[in-house]
Structures are given as structure tokens and as C-alpha cells.
Number of protein chains: 4
Amino acid sequence: MSGLTLAQASEIVDAALSHARELGLRPLTITVLDPGGHPQVVKREDGAGILRPQIAHAKAWGCLGTGSGGAAGARHATRDPAFFAALAAISEGRVASSRGGVLVRDQDGELLGSVGVSGERPENDETVAVFGVEKAGLVADVG
Amino acid sequence: MSGLTLAQASEIVDAALSHARELGLRPLTITVLDPGGHPQVVKREDGAGILRPQIAHAKAWGCLGTGSGGAAGARHATRDPAFFAALAAISEGRVASSRGGVLVRDQDGELLGSVGVSGERPENDETVAVFGVEKAGLVADVG
Amino acid sequence: MSGLTLAQASEIVDAALSHARELGLRPLTITVLDPGGHPQVVKREDGAGILRPQIAHAKAWGCLGTGSGGAAGARHATRDPAFFAALAAISEGRVASSRGGVLVRDQDGELLGSVGVSGERPENDETVAVFGVEKAGLVADVG
Amino acid sequence: MSGLTLAQASEIVDAALSHARELGLRPLTITVLDPGGHPQVVKREDGAGILRPQIAHAKAWGCLGTGSGGAAGARHATRDPAFFAALAAISEGRVASSRGGVLVRDQDGELLGSVGVSGERPENDETVAVFGVEKAGLVADVG
């Protein structure tokens with residue numbers, strides 16, 4: 001499994017947080033996971049709630065869990081809430097099907113990992129995640 | 001870590017329970033957490049149910065987890081139930097998004113901890129929590 | 001199940017902590033449980049570690065779990081460590097077999113609840129627990 | 001809550017990992033927690049094992065849980081293994097009493113958070129943690 005280097009994951013996180021400050025968003029937490037769902041980088045901004053690392057993790061992990069970006073997960077959850085309630089239990093709390101989670105791919109579409117952002121409205125979380133991934137020259141698959 | 005002293009946390013709890021007796025409410029449980037979500041004071045009144053300490057804890061912890069008071073959490077949960085069902089699992093049962101949880105702030109808005117009350121109707125739980133916080137000269141952020 | 005009133009449990013905790021301050025002990029956490037193992041009062045002093053509430057809880061709960069005071073539990077654990085390692089798992093982490101946990105009885109020997117203290121050397125935790133129980137006119141069964 | 005800023009926590013992590021590369025150590029994972037035990041920064045180097053984030057977390061969390069650095073925890077665990085086996089269960093796996101966990105304090109001794117490092121021999125993990133904290137102008141309390 002190749003995946004992202006620590007240097008690439010760090011670049012995604014720092015670019016995303018820098019963009020969030022330009023946009024004046026509320027304090028964010030951002031997580032980058034490898035293709036196996038294990039953390040490479042986590043950063044929580046000053047003033048962010050104490051559960052935000054777990055929520056960002058669950059957004060990123062949920063994308064890997066189902067193989068789809070968080071926007072697809074959110075649409076599916078709206079159509080079939082009972083299944084997504086079951087997913088929460090099946091995954092032992094590792095899945096949040098919500099915008100702000102994106103898959104990271106290279107230009108050939110190969111999966112390199114995922115990113116999760118939490119702390120703002122879901123669409124703003126997603127904007128920041130996509131920005132960071134693209135800044136690192138990679139492709140953000142929102143689903 | 002600044003936060004509340006044990007003396008302040010005790011004052012909040014004792015004032016809140018004293019007010020509950022004046023109002024003739026059902027037996028309550030009240031918890032004060034530090035900003036990291038760890039208990040400083042817990043009191044369960046005679047006759048309160050045996051799960052009330054965990055419910056009061058989850059109301060207080062949920063406020064810290066997301067950075068918003070319980071009234072905001074309750075409104076969000078009504079709008080996006082699937083996400084809040086997932087939150088219960090993500091947090092391993094540490095979050096109840098319900099009135100009766102309030103953030104405690106000083107006059108400058110700095111976060112000092114949170115309070116959770118359980119045992120009555122949510123709006124009465126909240127009334128008692130706010131009373132205790134204000135009696136201690138602090139600000140209750142209900143969200 | 002009769003057990004302690006909240007007023008009695010509060011008196012035990014406040015007397016114990018007041019004694020700890022006279023003795024100049026490190027910051028303590030103290031918990032009083034009813035006979036069913038559910039919290040009535042918890043207080044954590046300023047500067048105490050964030051796991052201390054759970055340790056104090058486990059000392060008090062372990063006494064109720066086995067029906068013996070913590071000093072007896074500690075002796076048994078020394079003689080049969082494998083069994084007490086299993087107890088940790090069997091109880092899902094609710095048992096610490098250590099001095100600082102005491103059963104609370106009335107003058108006739110009837111069980112009213114238990115007390116757990118954590119933060120100092122086990123013998124000092126126990127001294128403070130016993131002091132609080134006796135100050136409330138009750139009997140501390142250390143095992 | 002005062003504690004470390006994200007900028008300070010990032011400086012600790014980057015200095016520590018930079019030092020690890022100078023020393024030619026095996027791939028490391030390093031975590032900085034706030035005083036309540038919640039992550040501010042996590043970085044896992046390329047090639048590190050997938051459980052390393054949780055181990056680094058548990059080293060850092062254990063220091064906050066008991067209020068002592070990991071070197072003190074390791075000594076206590078050697079003297080009283082039954083209690084530390086129980087601690088693993090009581091804390092639901094959040095405590096590793098091992099060198100490589102250090103408390104972070106300011107020059108006045110106030111607690112600002114903790115650092116956990118995992119991936120090398122415990123004494124090397126500790127060396128790197130201390131280096132990072134001191135590089136940020138703060139005090140590493142190894143216990």
C-alpha cells in the first residue's frame with residue numbers, strides 16, 4: 001500500500017487550515033488517514049470542541065469504510081437513515097456519513113487515503129478539505 | 001489549566017439543588033465538568049434513577065464535545081437526526097444533545113467547564129443549571 | 001434498599017477532604033456509592049489527575065463487587081494476581097482491589113454503600129476514607 | 001482553558017521528529033494532548049505501525065490521568081503490577097505507564113498538556129519527547 005507520505009499529509013492539513021483562517025471559519029479539526037484508516041496527521045485548532053478529533057476521524061474513516069466521499073454518504077443517509085444508524089453500530093462508532101469527508105486520489109484515480117474536517121457547517125468543512133487536497137496536487141473525491 | 005475551582009463547582013451544584021427543592025422538582029442529578037470533560041462534582045438526590053449520573057454527564061460532556069450549549073444541540077439534533085445518532089456512537093455514549101446541559105463561561109466568555117442536570121423535563125433541568133451557574137457569578141451559555 | 005442519604009454522603013466527602021487538607025496530602029478525589037454501585041457524591045480536588053474519578057469509583061465499586069473492603073482486596077490480589085487480572089476484565093474495568101476503598105455500614109453491620117479515595121499512597125487514601133465515614137457516625141469496613 | 005496553542009504543539013512535534021531523524025531512530029508517532037487529554041497534534045512517520053497512534057496517545061493520556069510523567073508511571077507499574085493491570089481496564093485502554101510520555105509545564109510549573117512518543121525503545125521515545133518540549137521553551141516533567 002503506497003498512500004500519502006507524512007510530508008504530503010502535513011501539506012494537506014496546513015493548506016486546509018490556512019484557507020479556513022482566510023475564510024474566517026470557526027475553529028476546525030482536520031485528520032488525514034492512510035488507506036487502512038489509520039491517522040497520519042491530526043490538528044485541532046484552538047477553541048475547537050473536544051469531540052472534534054473523533055468526528056473528523058469518523059468522517060474520514062467513513063469514506064474509506066464505504067469507498068465513497070462524504071457527500072455521497074450524506075445523500076445515502078438521508079434516503080436510508082435506518083441503514084446508517086446501523087452503520088454507526090456496525091463500525092463501532094467509526095463512521096460519520098457527512099460532508100467534510102473526502103477520499104484522496106492521485107491523477108490515475110488510485111486511492112491514497114482520506115481527509116476529514118469538523119467544526120463548521122458541513123459544506124464549509126468540505127470546501128476546506130478539497131482545498132487542502134488540491135493544494136497538494138492531488139484529487140479530492142467528494143462522492 | 002484554569003477552569004473552575006472545586007469550591008466554585010460545589011457552589012454551582014448546591015445552589016442548583018437548593019433551587020430545585022424550592023421549585024418542588026423531581027429528584028435531580030447534577031454534574032460539573034472541567035473544560036476537558038472530567039468530573040469535578042457530582043451529586044445525585046435521594047430517589048433519582050441510577051442512570052441519572054451518566055445522563056447528566058452526557059449532557060455536560062456533549063456541550064464540551066461540540067462547543068455549544070445543550071439547547072443548540074437539541075435544535076441541531078432535530079434538524080439532522082442521522083448525524084446525532086452517529087454522534088452517540090462516535091463519542092462512545094458520551095453525548096446527550098439535550099436541554100439541561102450548559103457551558104460555563106466567565107464574564108470575558110472564556111470557557112471554564114460545563115454543567116449537566118437530569119431528572120426533570122429538559123426545560124426544568126436547564127432552569128436549574130442556569131440558576132446554579134449565575135448564583136456563582138458566572139455565565140451560563142445554553143447555546 | 002435504604003442506604004445513605006445525599007446529606008450523609010456529602011458529610012462523608014466533605015469531612016474526608018477537610019481531613020486531607022489538615023494532613024497536607026496531595027489532591028484527592030473521593031466518591032460515595034449506594035449499595036447498587038451508583039454514585040451519590042463525587043468531588044475531585046483542584047490539581048488531581050483526570051483519571052482519579054474512575055480510580056476512586058473502581059475502589060468503591062470493587063468493595064461492593066466482592067463484599068469486602070479494599071484492604072482485603074489488596075491482600076487477595078497479592079496472593080492471586082491472575083484472578084484479579086481476570087476481575088478487571090470480568091467487571092469491565094469497574095474493580096480496583098486497592099486500599100482506599102471501604103464499605104460503609106451502620107452500627108448493626110447493615111451495608112449502606114461504599115467510599116473510594118484516590119490520589120495519595122493507598123494507606124493515606126484509606127485513612128481519609130475511614131475518617132469521613134466515622135465523622136458521619138457510621139462504620140468503615142476496610143476488610 | 002489555557003494550555004498550549006496549536007502553534008506550540010506543532011513546534012513540539014516537528015522539533016521532536018526532526019531530532020529523531022538526526023538520531024536515526026526507527027519511524028515514530030508523536031501526540032500532543034491538552035490538559036483534558038484531547039489531541040491537539042498527531043503525526044505518524046512513514047513506516048510506523050498502525051497501532052502507534054493509540055500507543056502514543058495512551059502514554060500521553062496516562063501522564064494526565066495520574067498526574068505523573070511516564071518514567072514515574074513505569075517505576076510504579078514495576079512495583080505494583082496488579083494495580084496497573086487494573087488501570088488498563090479502568091481507563092478503557094487509555095493508559096500506558098511507560099517512558100515516552102511526559103507532562104508539559106510552563107516555567108511556573110503549571111500543567112499545559114502532555115506528549116507521547118512511540119516506535120522506539122522507551123528511553124529513546126522519552127529523549128525525543130523531552131527534546132521537543134524544551135525546544136519550544138517549555139518544561140518536560142518525566143516523573
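A residue counts as partly exposed when its relative accessible area lies between the buried limit, under 20%, and the exposed limit, over 50%. D:Gly67 has a relative accessible area of 36%, so it is partly exposed. That value, like the others here, comes from a predicted model.

Start with the surroundings of this glycine. D:Gly67 sits in the loop that joins helix H2 (52–66) to helix H3 (70–79) of chain D. Which residues does D:Gly67 contact, leaving aside its neighbours within four places in sequence? Two belong to its own chain, D:Leu103 and D:Arg105. The other is C:Gly49, in chain C. D:Val128 lies 61 residues from D:Gly67 along the chain. The C-alpha atoms of D:Gly67 and D:Val128 are 21 Å apart.

Now move to helix H1 of chain D, which spans residues 6–23. D:Ser10 belongs to this helix. Is D:Ser10 buried or exposed? Its relative accessible area is 12%. That is under 20%, so D:Ser10 is buried. Not counting residues up to four places away in sequence, D:Ser10 touches D:Val41 and A:Lys43. With A:Lys43 there is also a polar contact, side chain to side chain, at 3.4 Å.

The size of an interface is often given as the accessible area lost when the parts come together. For chain D and chain A, the buried area is about 1,500 Å². Carbon and sulfur atoms account for 52% of it. On the chain D side, the residues that lose the most area to chain A are D:Leu6, D:Lys43 and D:Arg44. Together they make up 35% of what that side buries.

Polar links also cross this interface. Chain D and chain A share 13 residue pairs in polar contact, with both residues at pLDDT 80 or more. There are two salt bridges between the two chains. One of the salt bridges joins the side chains of A:Asp34 and D:Arg44, at 2.7 Å from N to O.

Next comes the symmetry. Chain D superposes on chain A by a rotation of 180°, with 0.0 Å of shift along the axis. The RMSD is 0.1 Å. Of the residues of chain D, D:Val42 comes closest to the rotation axis, with its C-alpha at 2.4 Å. The same surface serves both copies, as 100% of the contact residues of chain D recur in chain A.

Chains B and C form another such pair. A rotation of 180° with 0.0 Å of shift along its axis places chain B on chain C, at an RMSD of 0.1 Å. The two copies are therefore related as by a two-fold rotation axis. In chain B, the C-alpha nearest the axis belongs to B:Val42, 2.4 Å away. Here too the same surface serves both copies: 100% of the contact residues of chain B recur in chain C.

Terms used: Residues numbered from 1 in each chain as written. Chains lettered and ligands numbered in written order. Predicted model: local features only at pLDDT ≥ 70, side-chain atom pairs only at ≥ 80, totals over all residues. Heavy atoms only, no water. Helix = DSSP H or I, 4+ residues; strand = E, 2+ residues; numbered from the N terminus. Buried < 20%, exposed > 50% of the residue type's maximum accessible area, 1.4 Å probe, protein only. Polar contact = N/O pair within 3.5 Å; in protein donor to acceptor, adjacent residues only side chain to side chain. Contact = heavy atoms within 4.5 Å. Least-squares fit on C-alpha atoms with pLDDT ≥ 70 in both. Buried area = accessible area lost by both parts, 1.4 Å probe. Salt bridge = Lys/Arg side-chain N within 4 Å of Asp/Glu carboxyl O.
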